[in-house]
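Hi,

Here is the structure I promised to pass on.

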Amino acid sequence: MPFTPDNELDLLFPASLISQDLKSQLHPDVHIRPLASTDHSRGHLTVLSVLTVATDLGEAAWSAQFNAMRGAPQTYYSLVIVDKNSDRIVGAGTVFIERKFLRGLGSVGHIEDIAVDKQQQGKKLGIRIIQALTHISENIGCYKTILNCSRDNVPFYVKCGFEEKECEMAKYAPAKPNAQSQPKPQPQLNAQSPRL
Ligand SMILES: CC(C)(COP(=O)(O)OP(=O)(O)OC[C@H]1O[C@@H](n2cnc3c(N)ncnc32)[C@H](O)[C@@H]1OP(=O)(O)O)[C@@H](O)C(=O)NCCC(=O)NCCS
């Protein structure tokens with residue numbers, strides 16, 4: 001597949017939010033950009049599968065999730081690294097922005113789902129993804145950027161400038177047979193309540 005330039009893609013957020021300095025540090029064979037509406041077919045889920053089982057619910061479901069993320073403006077910043085020779089995705093990561101009432105109505109950037117294709121690991125793609133996401137988070141005005149990781153990956157994140165802080169707790173919802181992992185539809189807050 002020939003490489004598709006940014007101006008031919010429908011991007012999740014403006015490409016200008018990715019540091020130009022950082023782009024120039026990447027190998028010329030790869031390109032970093034926001035996630036695009038057609039990235040299901042460029043292997044987005046295949047790259048994410050280095051993290052966990054990445055069940056493919058089909059392109060339409062993937063696109064619906066992309067559109068839901070775009071429908072929450074200034075919240076989701078997912079980016080990808082593309083191999084220009086194949087137009088395939090070889091790395092991915094996301095920072096999403098939490099708005100707070102604390103810290104003078106401050107914001108926190110949460111880094112999630114960092115993945116580099118097995119063949120491409122060890123070539124500084126992971127560190128560039130983290131630097132790009134942190135740059136976005138800090139430019140938006142987040143007072144901190146945080147993430148969870150396995151013990152094995154602590155040295156990687158230390159090299160990315162992070163430090164260990166407190167601990168993570170998790171409670172997984174009980175598995176439901178045949179349930180999809182979509183959030184339940186919420187009642188519309190601005191919908192008129194029926195008269196009692
Ligand atoms: C973890 C991961 C994102 C790192 O990406 P990568 O492109 O392989 O890493 P980089 O080449 O950018 O590494 C940057 C530096 O960190 C080091 N590093 C990377 N992973 C490391 C690890 N697990 N332990 C120790 N050091 C590590 C590299 O040696 C390199 O060091 P250097 O600058 O001294 O040469 C990648 O290996 C990956 O996708 N792993 C599987 C999925 C995963 O665990 N994701 C993270 C979820 S929290």
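**What I found**

Let me start with leucine 12, which sits in the segment before helix H1 (20–25); helices here are DSSP runs of H or I with at least four residues, strands are runs of E with at least two, and both are numbered from the N terminus. Before going further, a caveat: this is a predicted model, where local features need pLDDT of at least 70 and side-chain atom pairs count only at pLDDT 80 or more, while totals for chains, interfaces and linings use all residues. Residues are numbered from 1 along each chain as its sequence is written, and side-chain values use heavy atoms, with hydrogens and water left out.

Back to leucine 12: its relative accessible area is 8%, so it counts as buried (under 20% is buried, over 50% exposed, anything in between partly exposed, with a 1.4 Å probe and protein chains only). Between leucine 12 and glycine 106 there are 23 Å in space, C-alpha to C-alpha, and 94 residues in sequence.

- Valine 116: a backbone N or O atom is 2.8 Å from a ligand oxygen.
- Asparagine 153: a polar side-chain atom is 2.8 Å from a ligand oxygen.
- Aspartate 152: a backbone N or O atom is 3.3 Å from a ligand nitrogen.

On its own the ligand has 920 Å² of accessible area, and the protein covers 71% of that (Shrake-Rupley, 1.4 Å probe).

On to charges. There are six salt bridges in the structure, each meaning a side-chain nitrogen of Lys or Arg within 4 Å of a carboxyl oxygen of Asp or Glu. Arginine 42 pairs with aspartate 39 at 3.0 Å between the closest N and O atoms, and both residues are buried. They also belong to a salt-bridge network that links Arg33, Asp39, Arg42 and Asp87.

Glutamate 164 and arginine 151 form another bridge, at 3.1 Å from N to O. This pair ties together distant parts of the chain, 13 residues apart: glutamate 164 is in the segment after H6, arginine 151 in the loop between strand S5 (144–147) and H6. Glutamate 164 is exposed, with 52% relative accessible area, and arginine 151 is exposed too, at 61%.

Last, the inside. The largest nonpolar core has 38 residues, and Ile32, Leu79 and Ile81 have the most contacts within it (a core being buried Ala, Val, Leu, Ile, Met, Phe, Trp, Tyr and Cys residues joined through side-chain atoms within 4.5 Å). Elements giving two or more residues include strand S1 (30–34), helix H3 (59–70) and strand S2 (76–83). H5 gives the most to this core, with seven residues.

Cheers

Technical notes. A polar contact is a pair of N or O atoms within 3.5 Å; within protein, one must be able to donate a hydrogen and the other to accept it, and residues adjacent in sequence count only if both atoms are side-chain atoms.
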